[in-house]
Amino acid sequence: MTFELPKLSYDYTALEPYIDAKTMEIHYTKHHQAYVDKLNAAVEKYPDLSGMTVEDLLKNIKTLAVDEKDRTAIQNTGGGHYNHSFFWEIMSPEKVLDSSLADSITETFLSVDEFKKKFTEAAVGRFGSGWAWLAKNAQGQLEIYSTANQDSPIMQGHTPIIGLDVWEHAYYLKYQNRRPEYIENWWKTIKFI
Ligand code: MN
């Protein structure tokens with residue numbers, strides 16, 4: 001399978017003023033594209049992997065029959081491709097509220113505000129580059145945590161529900177070192193809650 005950049009369902013300007021158009025354009029056309037290109041380069045020497053989706057690659061990352069160097073490359077670039085594809089999907093210029101998600105969040109974290117507070121703590125507290133997640137674990141329970149680099153919840157059998165990119169490339173042009181301000185504004189771009 002040759003991996004490709006997914007189509008965005010909105011313009012680069014659509015998430016202004018919370019996420020600026022220049023950041024969106026560079027993030028999508030440069031950073032995400034680079035993950036896609038490097039993922040293709042990493043898997044092309046293994047014909048056995050050619051039928052696998054990026055989800056399959058990540059779910060089976062520990063047991064893929066590949067060199068260790070390529071395993072690391074597939075983990076990083078496959079995670080980068082998967083996480084960014086997911087990230088573009090959960091943001092929207094318009095809210096598309098999901099009351100059943102809000103109900104499960106309230107059931108687990110007492111309120112949506114309390115959930116946002118805990119998620120924000122995970123995102124602010126991630127040292128260096130990584131992601132914050134709301135994910136459903138194998139038992140079907142909601143969990144908040146962060147991952148380093150481009151590691152993804154699906155590598156541990158979890159289903160991501162909300163994910164936030166806290167690599168500096170996601171916010172530095174507009175927010176510089178102000179990660180908490182980026183996160184506060186990013187909540188306004190999430191379509192579900
Ligand atoms: Mn990114």
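## Manganese site

The donor residues of the manganese ion follow the sequence spacing H-x56-H-x80-D-x3-H. They are His27 (NE2), His84 (NE2), Asp165 (OD) and His169 (NE2), coordinating at 1.9 to 2.1 Å. Donors here are N, O and S atoms within 2.8 Å of the metal (3.2 Å for Na, K and Ca); water is not among the atoms, so sites may look incomplete.

His84 and His169 link distant parts of the chain, 85 residues apart. His84 belongs to helix α3 (residues 68–90), while His169 lies in the loop between β3 and α6 (172–175). Helices (H or I, at least four residues) and strands (E, at least two) are DSSP runs numbered from the N terminus. Both His84 and His169 are buried, meaning under 20% relative accessible area, with exposed over 50% and partly exposed in between (1.4 Å probe, protein chains only).

## Basis of the model

The model is predicted: local features need pLDDT of at least 70, side-chain atom pairs count only at pLDDT 80 or more, and totals for chains, interfaces and linings use all residues. Residues are numbered from 1 along each chain as its sequence is written, and side-chain values use heavy atoms, leaving out hydrogens and water.

## Strand β1 and its partners

In strand β1 (residues 130–136), six of the seven residues are buried. β1 pairs with strand β2 (residues 142–148) in the antiparallel sense over seven bridges; pairing requires at least two DSSP bridges between two strands. Ala132 is opposite Ser146 in β2. The β1–β2 hairpin has five residues between its strands, and Gly140 in the turn has a positive phi of about 85°.

β1 also pairs with strand β3 (residues 159–165), antiparallel, over six bridges. Here Trp131 stands opposite Asp165, one of the manganese donor residues.
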